[in-house]
Amino acid sequence: MATPGRITGDILVLGENVILRGEPGATERWCEFAARQGSLLYVGVLKPDGTRSTIHALDPEHCVPRPVYERTIGLPGVTGGWRIGQGDIEAVLLDDQRFHWTICFETFAPLAWLLKLGKRGAIVGVVANDRWVRPVPMAVMREKVGRSMARLWGMAPVFATTDRTVSVRDSGLFFGW
């Protein structure tokens, strides 16, 4: 894992595939917004074959994505095999707090949270795309499980789905829209 990058501004976290659904200019508009706000932009990306989910950081100045996390736990036979995946590719620090990730159904896996042991006080960005499971309230269930797991391990969760973007402020204030 690379040396942690230190973030001193805001972090915007978009749900999985928010800007990669083929809407012309969406990526550029989000990058412009992030640049105006002085924020770093993260977005979940599901590869077209559905086999690998990653979190990409988008440098708002150049709007170039780079992977920072790859899902560690998938659904065997559906979104992955039985092996543990990549996890953190590039560590991120928001001031002195580590920023970690879970993607989609990985949030329900105790093993995914156990892999983050020893990271008390960390922020965990939970990113998902629940369109294919509607009308099942998967986002509500994920949020309940994610909050419980985070509380158990002394972490602070923030939730971003296809319909919910989250801004993580320096002050520790979390809000979504």
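This is a predicted model: local features need pLDDT of at least 70, side-chain atom pairs count only at pLDDT 80 or more; totals for chains, interfaces and linings use all residues.
The protein chain has 177 residues, of which 47% count as buried. Its secondary structure comes to three helices and twelve strands. Where contacts span a separation of 6 or more, 62% of them are between residues 24 or more positions apart. The chain exposes about 9,000 Å², and carbon and sulfur atoms supply 57% of that area.

How confident is the predictor in this chain? The average pLDDT is 77, and 77% of the residues score at least 70. Among the elements of the chain, α3 has the highest mean pLDDT, at 90, while strand β12 (residues 174-176) has the lowest, at 43. Over residues 170-177 the pLDDT stays under 50, and for this stretch the model has 25 contacts beyond four places in sequence.

With that in mind, the passage returns to α3. This helix takes in residues 138-153, which makes 16 residues. From its first C-alpha to its last, α3 reaches 22 Å, close to the 22 Å expected at 1.5 Å a residue. Which residues of α3 are buried? They are Met-138, Arg-142, Gly-146, Met-149 and Ala-150. Seen down the helix axis, the buried residues of α3 fall within an arc of 100°, so they line one face of the helix. The face turned away from this buried side carries Lys-144, Arg-151 and Leu-152, which are exposed. After the helix comes Gly-154, with a positive phi near 70°.

A search of the whole structure finds one disulfide. In general, a disulfide is a covalent bond between the sulfur atoms of two cysteines. Here the bond joins Cys-31 to Cys-63, with 2.1 Å from S to S. The angle about the S-S bond is 80°, and the link of Cys-31 and Cys-63 is right-handed. Distant parts of the chain are linked by this pair: Cys-31 sits in helix α1 (residues 26-37), and Cys-63 in the loop between β4 (53-59) and β5, 32 residues apart.

Are the two partners buried or exposed? Cys-31 has a relative accessible area of 3% and is therefore buried. Cys-63 comes to 21% relative accessibility, so it counts as partly exposed, because buried residues lie under 20%. The backbone of Cys-63 has a feature of its own: its phi is positive, about 55°, although Cys-63 is not a glycine.

What is the phi of Cys-104 near? It is near 50°, again a positive value in a residue other than glycine. Cys-104 is found in the loop between β8 (97-103) and α2. At 12% relative accessibility, Cys-104 counts as buried.

Glu-70 belongs to strand β5 (residues 64-70). With a relative accessible area of 18%, Glu-70 is buried, since the cut-off for that word is under 20%. Which residues does Glu-70 touch? Leaving out residues up to four places away in sequence, it touches Arg-52, Ser-53, Thr-54, Gln-86, Gly-87 and Ile-89.

Thr-161 lies in the loop between β10 and β11 (166-168). Its relative accessible area is 17%, so Thr-161 is buried as well. Not counting residues up to four places away in sequence, Thr-161 touches Gly-15, Val-18, Ala-128, Asp-130 and Ala-139.

Methods:
Residues are numbered from 1 along each chain as its sequence is written. Side-chain values use heavy atoms; hydrogens and water are left out. Helices (H or I, at least four residues) and strands (E, at least two) are DSSP runs, numbered from the N terminus. Buried means under 20% relative accessible area, exposed over 50%, partly exposed in between (1.4 Å probe, protein chains only). Contact means heavy atoms within 4.5 Å. The expected span of a helix is 1.5 Å times one less than its number of residues. The arc is that of the directions from the helix axis to the C-beta atoms. A disulfide is a pair of cysteine sulfur atoms within 2.5 Å. Accessible areas come from the Shrake-Rupley method with a 1.4 Å probe; for residues, only the protein chains shown count as cover. pLDDT is the predictor's confidence in each residue, from 0 to 100.
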